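Colleague: Hi! Could you walk me through some charged contacts once the model is on screen?
Modeller: Happy to, here comes the picture.
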Amino acid sequence: MSKLCDYSKFDHLDENDPDDEQDRDHGHARRSQVSGEPNEATAQASPSTMNERLKSGISPFTPPAATKTTAAPASTPQPSQTRLRKDERSGRFVFEYNNQKVYEFEQTLDDVTIYVSPPPFIQSAKQLKCSIEARHLRLGLQGSEQWFINEDTYGLVDVSESTWSLEDDDSSSESISESNRKNNNRNKSQANEAQMKSMVIYLAKAKRGELWETALKGAAGKVMNVQAKEEMRKELLLERFHEENPGMDFRDATFNGEVPDARTFMGGVNYS
């Protein structure tokens, strides 16, 4: 059974699951026992051994007593580690599985944008597949029956206004060290090598102004903590204020107590 719910690596979707191979091995062993195939001990029994067993009154066709072996204690599986954190540099929220980034996301009044890093060999959107539904998202590699992400969305999606694309990931070139920037030619060469692609999925919110506490529900059920939720609620409300009052600067605005809901505050958000 594939463990896509464990967010297997994007470029290893078609590899055999170790558990599948183990199950096949165990299944073969069971079939051998049921079908009566000779085991190694009986197949190699010599005539002298059979004569000795006959003298002792034991049928030569009776398999020898099994040798007791002490099974090694099964290792305790380690629980999967998932977390949702905010990247202060980019401002995006990052969902991680066992310290490996699965996707990033950010949101506005109108949409939620998800960023996924595909395998290095991906250079065209034709190599990928993405299915956007009203409450579900799937994405993976063309030609593979498996999906890298196969999860319900946090909120309702306006499918007709949603889309996805494969774009250059400008953030990948930022990993070049400052010491290499002194040599322009070398810097350009490394920037080209470091240039990666990013799969960008735009999910239009069916309920404009709704706060999504995460992009995808997933089995882990990770959502923003209380502080991050309040910060995001404030960002959405200030975006609405700026939209309704162009030319005014609300960057230093503060709220007493809990930040109001941008979708419902003072008559609700404008859809026009």
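Colleague: Let's start with Glu231: is Glu231 buried or exposed, or partly exposed?
Modeller: Glu231 is partly exposed, with a relative accessible area of 34%. Buried means under 20% relative accessible area, exposed over 50%, and partly exposed in between (1.4 Å probe, protein chains only). This is a predicted model, where local features need pLDDT of at least 70, side-chain atom pairs count only at pLDDT 80 or more, and totals for chains, interfaces and linings use all residues. Residues are numbered from 1 along each chain as its sequence is written, and side-chain values use heavy atoms, with hydrogens and water left out.
Colleague: Which residue forms a salt bridge with Glu231?
Modeller: That is Lys86, with the closest N and O atoms 3.9 Å apart. A salt bridge here is a side-chain nitrogen of Lys or Arg within 4 Å of a carboxyl oxygen of Asp or Glu.
Colleague: And how many salt bridges are there?
Modeller: The count comes to 13 by that rule.
Colleague: Changing topic, which residues are linked in a network with Glu96?
Modeller: Arg83 and Arg85 are linked with Glu96 by salt bridges. The closest N and O atoms are 2.6 Å apart for Arg83 and Glu96, and the N to O value is 3.0 Å for Arg85 and Glu96.
Colleague: How exposed or buried are those three?
Modeller: Glu96 is buried at 7% relative accessible area, while Arg83 is partly exposed at 43%. Arg85 is also partly exposed, at 29%.
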